[in-house]
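Hi,

Here is the structure I promised to pass on.

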Amino acid sequence: MRFYEYESRRIVERAAIPVTKYGFCTTAAEARAAAEEIGGPVVIKSQVLTGGRMKAGGVRFADTPEQAERDAAEVLELEINGHMPRGVLVDPKAQVAQEYYAGVVWDGTRKQPMLLFSDMGGIDIEEVAASHPDHVGRGHISNLLPISDFQAKRVIAQTGVSGSELNRATPILARLARLMRECDMTLAEINPLARLADGSFVALDAHMEMENEAKPRQKALLEELGIDSDEAREPYEPSEFERNVKAIDSADHRGVIQGKDHGFEGNLGLVIGAGGGSLTLTDAVRSQGGRPANYTEIGGNPSVAKACGLAKEVLRKDGVEKIAVMMSIVSNTRVDIVARGVIKACLELDKDPGETIAIFRIPGAWEEEGFKILERYGVEYCDRSVSMWEAAGRAVARIQTPAASSSKTPGAAGSVEGS
Amino acid sequence: MSILLSEDFTFMVQGITGREAVNLTRECLDYGSKVVGGVTPGRKGREVHGVPVFDTVEQVTEAVGYVPNGSVVTVPPAFTKDAVFEAIEGGIELIVIVTERIPRRDVAEMVELAGMRGARIIGPNCLGVIVPGISKMGGIGGPAKDAAKSYAPGPVGVMSRSGGMTTEISSSLTAAGLGVSTAVSIGGDAIIGSTYAELMPLFEADAETEAIVIYTEPGGRMEAQLAEWVSENQSRLPIVAFMAGRFMDDEEMKGMSFGHAGTIVEGKEDTATEKIARLEASGIPVIERIDEIPDAVKDKLGATV
């Protein structure tokens, strides 16, 4: 879960990392008051969960409170990459002597957090690493031992930074590493970390991301920041389909279903599973010229009602003509239950299951029982002898050639090929 | 031969009285695995399909008279780290973590402690390990009769970030007459106990294994690590890779994760396109059609003869 800049500021501040005196405002009048309190020139920054603020005009410099008010009014109305800002941050325009980068990220290969520091701040660290590798210091920290300041010092010293700069930056990077661990962040960055004219260091911007799995145990922090535990913080607003599938899933503890349709606009509804199976099948449909209307994941043996609810949501989507019901070989999920669910969905929506279900390919537990039901309703199905690629191809063929959907190929419907 | 498990391999199940664990214990016993004990704190004295339940790992060891080789951990995410620490400190050498949704920090702590004590972790968020016809450790392949249908003994080692796809791929290898030496569901999380590259030396040393198939997804650097391993080591084993989730490279899908927690793309190198390029550059073909895996393996095996 990504945090807004104003929240990230608060997170670093409570870890005793100095920040400038800032104000988070949701109205232009508040921004004016914040600018008055700060005194002198200020920066107005749009609070959105997306990059490219500067380019989009979401960052303004104002010399007077009046200008701050005008700028804030504009920025508050400015949509950036499809996101409306939640507010603006009003920050004093700092007298910066030099900008640095301080960050802590996970290194999945080493399976340890990695400290990063650069004396070239304000720009993307990956860019610096590529163009000026000698200006980036790195060091891993143990997951089990306490984090010591010397570990931060060593990383900073690699970039050639010495003197009082080194001694002032060291505790900041060490504190950032401790907060990353304690708050279950997947990413904790201060960029830029600024050295001001008087030699002191302040975090001018911070970027924090918390692992979703850790949200339950970070409840106190989230409450302190005023974040509702249900707040999804997806990179986009969830659609009606996504909200409905989520509601069906949480209404029944048996099995898990998930649905997404952001970025999908096709005519073939996918009722598919499980994790890896869904990825494989979505690719297989697209590679063979199919246009998926959505993405789903079925797992953990859902009830008939849940499978039915999911299939109905997919069938109700605009532009969906048929659904393909497919999974990799299942051992936990029962084939017959999913078969009942999807047939029920068709019938309840007054659709012929044999016409609506382009293909049913779920091999595994209780398949004989499932296939019997499918046969009764004239649904084309197949077992493991038909690969996931081929099953996806058949679904695509049925939706692309209208003739195939009205007159079934002899032997294809209801047969189990190869067995 | 095989990797990780053998005929005499013994293990316990931590969290054995949970619903999923009860099923898993049944499946493993039916398959011929030696499940010698179970742990659920406060449930000492019970039995699960004839397997005695204890309060602590230490009690299992005392009761059976030796330290079992492994443990399958299937306890809720908030308690997993403690259970795994208990297993490691109890001298267990192979730990399969089934639990999903464990915070990364906990996983990293478990893995680091395992490294210090010479233990190995498979998972989390995985279905375990199977050596066809010999033993299975975890829910991999499902009930014994289903597992027998999908997994026949053979020369191919399988490693997969998806539990279900481990069985799907193994089933296609079995149907093609090839079969599997050992299949490992390595787990779908961003940080896991054993990556492809970390398991490669074991397969390398296994006389029965003649080729490797990996199932992979976007997210993380595990494939880059394998590509490096292959380039740095003169491996005798040809590898065939399958990459799912290519659609995630689309602009509209940016920042989203699908399927497994580990598919979250956190950097340029994590995308499907980039991974395919890296694997292919190290001589590992990346197959686009899942049904072409058996033939690709046969090609490779033919080439090594």
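A:Glu5 and A:Arg9 join their side chains in a salt bridge, at 3.5 Å from N to O. Both belong to helix α1 of chain A and sit four residues apart, about one turn of the helix. Bear in mind throughout that this is a predicted model. If you want the total for salt bridges, the count over all chains comes to 47.

What does that helix lie across? Helix α1 of chain A (residues 5-14) lies across β1, β2 (42-46) and β4 of chain A, and runs at about 50° to β4(A). Helix α2 of chain A (residues 28-38) packs on the sheet too, where it touches β1, β2 and β4 of chain A. The direction of α2 makes about 15° with that of β4(A).

Now the sheet itself. It is an open one in chain A, built from four strands in the order β1-β4-β2-β3, with antiparallel pairing. At the edges are β1 (23-25) and β3 (59-62) of chain A, each of which pairs on one side only. From one strand to the next, the twist averages 25°. If you zoom in on β1(A), you'll see that three bridges join it to β4 of chain A (residues 88-92), and that the two run antiparallel.

On to the interface between the two chains. How many residues does each chain bring to the contact? Chain B puts in 62 and chain A 45. Between them, about 4,200 Å² of area is buried, and carbon and sulfur atoms give 55% of that.

Seven salt bridges are counted between chain B and chain A. For an example, take A:Arg361 and B:Glu168, whose side chains meet in a salt bridge at 2.7 Å, N to O.

Which elements of chain B supply the side that touches chain A? At least two residues each come from α4 (104-117), α5 (144-150), α6 (163-175) and β13 (239-243) of chain B. Of these, α4(B) gives the most, with nine residues. By type, the residues on that side of chain B split into 22 nonpolar, 19 polar and 21 charged.

Last, a few backbone spots to look at before you set anything up:

- A:Gly273 and A:Ala274 are joined by a cis peptide bond, with omega about -15°. A:Ala274 is in the loop between β12 (268-273) and α10 (275-287) of chain A.
- B:Gly123 and B:Pro124 are also joined by a cis peptide bond, with omega about 5°. B:Pro124 is in the loop between β7 (120-122) and β8 (128-131) of chain B.
- A:Asp350 has phi near 60°, which is a positive value in a residue other than glycine. You'll find A:Asp350 in the loop between α12 (335-348) and α13 (353-356) of chain A.

That's what I have for now. Over to you!

Cheers

Terms used
Residues are numbered from 1 along each chain as its sequence is written. Chains are lettered from A and ligands numbered from 1 in the order in which they are written. This is a predicted model: local features need pLDDT of at least 70, side-chain atom pairs count only at pLDDT 80 or more; totals for chains, interfaces and linings use all residues. Side-chain values use heavy atoms; hydrogens and water are left out. Two strands pair if DSSP finds at least two bridges between them. Axes are lines fitted to C-alpha atoms, for helices over the stretch in contact, and angles run from 0 to 180 degrees between N-to-C directions. Contact means heavy atoms within 4.5 Å. Buried area is the accessible area (1.4 Å probe) that two parts lose on being put together, summed over both. A salt bridge is a side-chain nitrogen of Lys or Arg within 4 Å of a carboxyl oxygen of Asp or Glu. Ala, Val, Leu, Ile, Met, Phe, Trp, Tyr, Cys and Pro count as nonpolar, Asp, Glu, Lys and Arg as charged, and the others, Gly among them, as polar.
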